[in-house]
Amino acid sequence: MFRLRLILLSVFFTFLLSGLSSQEIKIDTLSVHAMRMLSELNASVLKYANQDKNSPDYGGVYCPYCKLYHTRAAEIVYPFAFEYHKTGNKIYLKAAVDVGNWLIRQQQDDGSWLETPEEWTGTTTDQVLMMSLSYPILKPYLSKKEKESWLQSIEKAGDYLVRVMSPEFASINYCATTTASLMIVNKIVNKKSYVDKARELAYKIVGKMDQDYFLTGEGGRVFGVKYGIDLGYNLEMSLWGLALFARLAKDDRVMQIVEKSLARHLFFIYPDGSMDASWGIRSNKWTCFGSGTSDGCQVLFSLFMDKNDQYRTAAIRNIEFLRTCMKDGIVGFGPLYYDIYDYQPCIYPTFTKAKNMAMAVAFAKTDAGKVQPLPTDERGMHYFPSLNLTLARTLQWCTTISGYTYKDPAGDRTKYMHRPGGGTMTNLWLNGHGYFQASSQTIYKRWEPMSFPEIPVPLPLTPRIEFSSKLGNFTNLYEFDAIMTNHEKDGTYVVSSLGELKNSKQQEGGIAYRLDHIISDNSVCKEIELIYHDAKSPVRIIEPIIYYPGMEFKQIDNKTVRIKTKDKTIELKVTSDNVILELGADEEKYKWSYPALKAYPIILNVACDKDDLRKTIRFIYQIA
């Protein structure tokens, strides 16, 4: 009997630890989810289509937030055309023709389109791709004059991309999209130059993958060449562009490289389907479901579902998460957008996600199949050496701890150097709850005025160590040289980071630190050692907790804070004697547009005496 009991217990715990997702393995079809989402997004965008035939902007799509017609919004031409193709709804047929004709009227003489209200022309690759995919569907319904106009416009845009597109001209995602765009354009206007350029770009791009197959090229330039990795743009732009090129060009070599890359990127789809792009160099546009102005991950996953059922799971779960960020069919900038703001956002993420859904259905491989668990459904710790980043999953927690080392030679003048670093937790997810901690830019700037709304200056969402002196402000978030180590002990994962508290210019302030994260099934412990080697200053350890509606925070005693969520109670317990707790200071400043989250700050104040050399602070989040 005793032996049988041991066997049963062993089976039970093996099940818990190897299959953490509550979803059973079943058969599902991506196109059902994607088409449902596409219809919702299309219907919301259609409301803003100009239907006044006397208007110079007849057919264009108006953005109520920006109060203008984004030329990129006309990329909805393909989602509209595709919905007509699948449903026969002639409302979308007319809307697609009208918005395509409007886009042609906006084209520059050189074949490019300006990304209004700005003057960047790299997005021409996105627009001509949508026009080229739409043309075969709409051709039977175009007049002779319209057919000539569409063909001329597509050819002019294709020729423009052949002339200008390169890693020297644009960030890598534009180059990758262009490999697919030119192959599709070639189906409409057959030119050898299109195929040659697509292949030339594809091989340049796959050559820019690092040792672990993460694609570089989204950041600043060194000797004219861009470096830096952003997971959001890789998953939602670059990799699907390369994969679609490889399929159309029958290039197995490129396809195999993209498949290797995708296998690494899959780890950053969290159990709830959210995409952890918190740590990348363009994380200033991170929305939790992806990035604010990139297309989406469904088309990429759809291209590889025949290789791995997990990609179907990832695509479907991400759609389900995206739905939590929407209201009336308009996509916000994160899960709490409509709790924080009482107005609709820019329509960019709405129409970009629509085009992605349409492509996912159009290009899907082995659409129906098993819904297999994701890597983050399984207990484990994964270190990515080329990123200096660790991802860990236990029974209740999933977390990303980033020491990503990229540094732009232009320094803090660029948007790439205000991402979170230093071995901090850039994301902490709690099973059955959602995001417990997350991250944001270290300072808020409107790097791209079109994309970044005007908001009151916020404080970072990111957990951090900081201090101020007559020399300025210093934090571990600006430590991009942190040394990170990982080890596992008795099922507990320990991630240690060593570094200096620095300012935005990468200058040390005189205090070093060791930051340990100890992640077990039911708790997350943080241990911080401060080393006062050249400065004596009070330090603040700031722990913002993502604040969902209905959550409660209560200080029980001078070492304990009780956090109540809808279904869970978590206690923060300080286990060292050198901390003064402070709750809610500047709470109104912890509201962000990217990602659209708000937080409640818990602050651990650490005094410093003149004779102090080192000090260790330890606290733990324990699920009650």
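# Cavities, surface and salt bridges: a reading

About 60 Å³ of space lies in the largest cavity of this predicted model.

User: How many cavities of 30 Å³ or more are there?

Analyst: A cavity is space where a probe fits but cannot get out. The count here is five cavities of 30 Å³ or more.

User: Which residues line the largest cavity?

Analyst: A lining residue has an atom within 4 Å of a cavity point. In this case the lining is made of T424, P463, R464, I465, N476, L515, H517, K526, I528, I541 and E543.

User: What about the second largest cavity: what is its volume, and which residues line it?

Analyst: The second largest cavity holds about 50 Å³. Its lining consists of Y65, F333, Y337, Y341, Y343, P345, C346, P453 and S593. By class, eight of these are nonpolar and one is polar, with no charged residues.

User: Now the surface. Which residues form a nonpolar patch there?

Analyst: A residue needs over 30% relative accessible area to join a patch. Here V222, F223, V225 and Y227 form one. Together they have about 420 Å² of accessible area.

User: Take another tyrosine, Y513. Is Y513 buried or exposed?

Analyst: Buried means under 20% relative accessible area. Y513 has 1%, so it is buried. Y513 is in strand β18. Y513 and G499 are 14 residues apart in sequence, yet their C-alpha atoms are 5.5 Å apart in space.

User: On to charges. How many salt bridges does a search of the whole structure find?

Analyst: The criterion is a side-chain nitrogen of Lys or Arg within 4 Å of a carboxyl oxygen of Asp or Glu. The search finds 37 salt bridges. One of them pairs E75 with K355, with the closest N and O atoms 2.5 Å apart.

User: Which parts does the pair of E75 and K355 tie together?

Analyst: E75 lies in the loop between β3 (68-69) and α3 (77-87), and K355 in helix α14 (residues 348-363), so the pair ties together parts 280 residues apart in sequence. E75 counts as buried because its relative accessibility is 0%. K355 counts as buried too, at 0%.

User: What are the partners and locations in the salt bridge of R282?

Analyst: R282 forms a salt bridge with E218, the closest N and O atoms being 2.9 Å apart. R282 is in the loop between α10 (252-265) and α11 (298-302), and E218 in the loop between α8 (192-206) and β4 (221-222), 64 residues apart. Both R282 and E218 are buried.

User: And the salt bridge of D557 with K573: how far apart are the closest N and O atoms?

Analyst: They are 3.9 Å apart. D557 belongs to strand β21 (residues 552-557) and K573 to strand β23 (residues 569-574), 16 residues apart. D557 is partly exposed, with a relative accessible area of 33%. K573 is also partly exposed, at 33%.

User: Which residues do salt bridges with shared partners join into one network?

Analyst: The network joins R514, D516, E527, E529, R614 and R618.

Key: Residues are numbered from 1 along each chain as its sequence is written. This is a predicted model: local features need pLDDT of at least 70, side-chain atom pairs count only at pLDDT 80 or more; totals for chains, interfaces and linings use all residues. Side-chain values use heavy atoms; hydrogens and water are left out. On a 1 Å grid over the protein atoms alone, a cavity is a set of points where a 1.4 Å probe fits but cannot get out, and a pocket is an open set with protein on both sides within 12 Å along at least five of seven lines; lining residues have an atom within 4 Å of a point. Grid points are joined across faces, edges and corners, and a volume is the space filled by probe spheres set on the points. Ala, Val, Leu, Ile, Met, Phe, Trp, Tyr, Cys and Pro count as nonpolar, Asp, Glu, Lys and Arg as charged, and the others, Gly among them, as polar. Patches are made of residues with over 30% relative accessible area and no salt bridge: like charges are joined within 9 Å, nonpolar side chains (Val, Leu, Ile, Met, Phe, Trp, Tyr) within 5 Å. Accessible areas come from the Shrake-Rupley method with a 1.4 Å probe; for residues, only the protein chains shown count as cover. Helices (H or I, at least four residues) and strands (E, at least two) are DSSP runs, numbered from the N terminus. Buried means under 20% relative accessible area, exposed over 50%, partly exposed in between (1.4 Å probe, protein chains only).
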